[in-house]
Amino acid sequence: MIKDATSESARKPSGTPGGIGSEPSRRFCVAPMMDWTTPQYRYLARLLSRHTLLYTEMVTTGALIHGDTERFLHHNSAEYPLALQLGGSDAGELAHCARLAEQFGFSEVNLNVGCPSDRVQNNMIGACLMGHPDKVAEGVRAMIEATSLPVTVKHRIGINGRESWEDLCEFVDKVSAAGCRTFIVHARIAILEGLSPKENRDVPPLKYDWAYRLKQEYPHLEIIINGGIKTFAECHEHLEHTDGVMLGREAYHNPWLLAGVDPEFFGSEAPVASRHDALRAMYPYIQSELERGVFLGHISRHILGLFHGVPGGRQFRRYISENAHKPGADLEVIQTALDKVREPAQPAMTETTENA
């Protein structure tokens, strides 16, 4: 039986970006990534940027309907704006889970049509759905009818065997006719046989011009570009042709990059002045997670990249890696690790954009 959403994850505070009654901005997003965009990472990301749109890991409809719903949908209200990414293809199940997304306070519900792994293919989830645009359209229509949240689709530009421009346009035509107005385009095809998910993020060539062309051909749709983007300079170049950018691995491995997003793309002040301030601001959250039974290593692994490229950063990472897994490891491990990185006398946010 599905319980009501907890107070921590049910109420979206007014006055925050992406709050109740507002469409979240997708000008700058962090991609959904399995095992990476967990609640612990998202909390850190939100400390660094108020405006970046964050996404959960992909959660399958089966897991939500038949598993521990509250565990899969657990998040902190401080993470908003936050989108839930679903994996599934059954229209009825997608509609049910879209209602859950609204009940639990998410800002958007997104359908995964990009994951290439064998496991999800066998369950008609992910990139294989690029070959079934009618089924995607049916699911999107059901989700839109079930919730007032924005319903978006994250997809590839094709799959092996269906990789022509005409195939991509057929997909967009049918899914947009079902009511979808936002397409997050990973600008590579997915090769469904012979490549691992990791190889599928690198081997198929990027075709950014296809995402640009989609925006030209469908100016009434919101087109967000994804795939291999690392720097703010690249983001600005893409934003000349599309409505938004989505970063994945770079935003995870170098999270301090996010501290420059608000001034760079939204014209607002950065939430924190230094990496040290950001990590200290996370202490109460880390303590609360430990108190609810989360192991320190499950939290600390997401902050290892915070001092990427900074003197003392290697010692910071080493100390955490050697101590966070030990029985009874607590907040003191993080505090001791932080002492190994010299704090700048006069923090300046200009270093953010330089590093970006």
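**Entry 1: salt bridges overall**

I counted the salt bridges and found 13 in the structure. I note here that the model is predicted. I then went through several of the pairs one by one.

**Entry 2: Glu 222 and Arg 26**

I looked up Glu 222 and found it in a salt bridge with Arg 26. The closest N and O atoms are 2.7 Å apart. Next I checked where the partners sit. Glu 222 belongs to strand β7, residues 222-226. Arg 26 lies in the loop between α1 (7-10) and β1 (28-30). The two are 196 residues apart, and I logged the pair as a link between distant parts of the chain. Are these two residues buried or exposed? Glu 222 and Arg 26 are both buried.

**Entry 3: Arg 280 and Glu 343**

I moved on to Arg 280, whose side chain meets that of Glu 343 in a salt bridge at 2.8 Å, N to O. Arg 280 is in helix α14, residues 275-291. Glu 343 is in the loop between α17 (331-338) and α18 (350-355). I looked up accessibility for each partner. Arg 280 has 35% relative accessibility. That value falls between the cut-offs of 20% and 50%, so Arg 280 counts as partly exposed. Glu 343, at 37%, is also classed as partly exposed.

I found a salt bridge between the side chains of Glu 170 and Arg 162, at 2.9 Å from N to O. Glu 170 has a relative accessible area of 28% and is partly exposed. Arg 162, at 22%, is partly exposed. I then asked which residues are linked with them in a network of salt bridges. The network holds Asp 134, Arg 162, Asp 167, Glu 170 and Lys 174.

**Entry 4: helices α5 and α7**

I turned to helix packing. Helix α5 covers residues 91-103 and helix α7 residues 133-146. They pack at an angle of about 35 degrees, and their axes are 8 Å apart. I recorded the crossing as right-handed. Which residues make the contact? From α5 I listed Ala 91, Leu 94, Ala 95, Ala 98 and Arg 99. From α7 I listed Glu 138, Gly 139, Ala 142, Met 143 and Ala 146. I sorted the contact by class and got seven nonpolar residues, one polar and two charged.

Terms used. Residues are numbered from 1 along each chain as its sequence is written. This is a predicted model: local features need pLDDT of at least 70, side-chain atom pairs count only at pLDDT 80 or more; totals for chains, interfaces and linings use all residues. Side-chain values use heavy atoms; hydrogens and water are left out. Axes are lines fitted to C-alpha atoms, for helices over the stretch in contact, and angles run from 0 to 180 degrees between N-to-C directions. Helices (H or I, at least four residues) and strands (E, at least two) are DSSP runs, numbered from the N terminus. A crossing is left-handed if the near helix is turned anticlockwise from the far one by less than a right angle, and right-handed if clockwise. Contact means heavy atoms within 4.5 Å. Ala, Val, Leu, Ile, Met, Phe, Trp, Tyr, Cys and Pro count as nonpolar, Asp, Glu, Lys and Arg as charged, and the others, Gly among them, as polar. A salt bridge is a side-chain nitrogen of Lys or Arg within 4 Å of a carboxyl oxygen of Asp or Glu. Buried means under 20% relative accessible area, exposed over 50%, partly exposed in between (1.4 Å probe, protein chains only).
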